[in-house]
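Work through the exercises below with the sequence and the model open. Try each task before reading its solution.

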Amino acid sequence: MRSFYYVMTSLMVIGLAFWAYRENYETQEAQARSVAVQQQIAEARERLRFLNAEWAYLNRPERLRYLAEINFKRLGLLPLQPNQFGKVDQVSFPRVEEPLDIWSTVEVMDREAEQ
């Protein structure tokens with residue numbers, strides 16, 4: 001009977017060692033994937049910062065003004081006139097709703113039903 005317990009115990013130890021070995025490699029693989037994803041995120045953020053800087057550089061007002069002046073006739077642009085802008089009284093602001101009257105009390109319990 002003892003030999004059966006010894007065999008079972010050694011098989012369990014071998015099985016647990018195999019399981020721990022496999023879990024160790026799966027954990028290392030997951031960590032490597034995590035590092036790769038973090039590197040991709042860092043690269044994407046760097047590209048985004050670069051694109052934002054380039055967008056700000058290309059949309060400088062003096063550059064856009066210069067491009068508009070150069071291509072004024074070809075684009076068929078019209079000079080801005082004061083009547084092209086709206087007036088404040090033409091803007092439809094959202095209506096302000098009246099606040100709810102919450103100062104009046106409401107009886108929520110029937111005192112006669114309690115007695």
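The exercises that follow concern a predicted model.

**Exercise 1. Overall form**

Task: State which secondary structure elements the chain has, and decide whether the chain is spread out or a compact globule.

Solution: 
- Step 1. The chain has four helices and zero strands, and along the sequence the pattern reads α-α-α-α.
- Step 2. The radius of gyration is 37 Å, while the globule rule gives 13 Å for 115 residues.
- Step 3. The value of the chain is well over that of the rule, so the chain is more spread out than a compact globule.
- Step 4. The C-alpha trace spans about 105 × 80 × 20 Å along its principal axes.
- Step 5. Of the 115 residues, 1% are buried. The accessible surface comes to about 12200 Å², and carbon and sulfur atoms account for 61% of that surface.

**Exercise 2. Aromatic pairs**

Task: Classify the two aromatic pairs of the structure.

Solution: 
- Step 1. A pair of aromatic rings is described by the distance of the centres and the angle of the planes.
- Step 2. For Tyr 21 and Tyr 25 the centres are 4.9 Å apart and the planes are at 65°, so the pair is edge-to-face.
- Step 3. Tyr 21 and Tyr 25 are four residues apart in helix 1 (residues 2–58), which means that about one helical turn separates them.

**Exercise 3. Accessibility**

Solution: 
- Step 1. The cut-off for exposed is over 50% relative accessible area.

**Exercise 4. Distances and a record**

Task: Find how far apart the C-alpha atoms of Tyr 6 and Pro 82 lie, and describe the span of residues 27–54.

Solution: 
- Step 1. Tyr 6 is in helix 1. Its C-alpha atom is 97 Å from that of Pro 82, which is 76 residues away along the chain.
- Step 2. An unreviewed UniProt entry lists residues 27–54 as "coiled-coil region".
- Step 3. In the model this span is 100% helix and 0% strand, with its end C-alpha atoms 41 Å apart.

Definitions and conventions. Residues are numbered from 1 along each chain as its sequence is written. This is a predicted model: local features need pLDDT of at least 70, side-chain atom pairs count only at pLDDT 80 or more; totals for chains, interfaces and linings use all residues. Side-chain values use heavy atoms; hydrogens and water are left out. UniProt positions are given in the numbering used here, feature names are shortened, and annotations may be inferred rather than shown by experiment. Helices (H or I, at least four residues) and strands (E, at least two) are DSSP runs, numbered from the N terminus. Rings of Phe, Tyr and Trp (its six-membered ring) pair if their centres lie within 6.5 Å; planes under 30 degrees apart count as stacked, over 60 as edge-to-face and the rest as tilted. The radius of gyration is taken over C-alpha atoms; the globule rule is 2.2 Å times the number of residues to the power 0.38. Buried means under 20% relative accessible area, exposed over 50%, partly exposed in between (1.4 Å probe, protein chains only). Accessible areas come from the Shrake-Rupley method with a 1.4 Å probe; for residues, only the protein chains shown count as cover.
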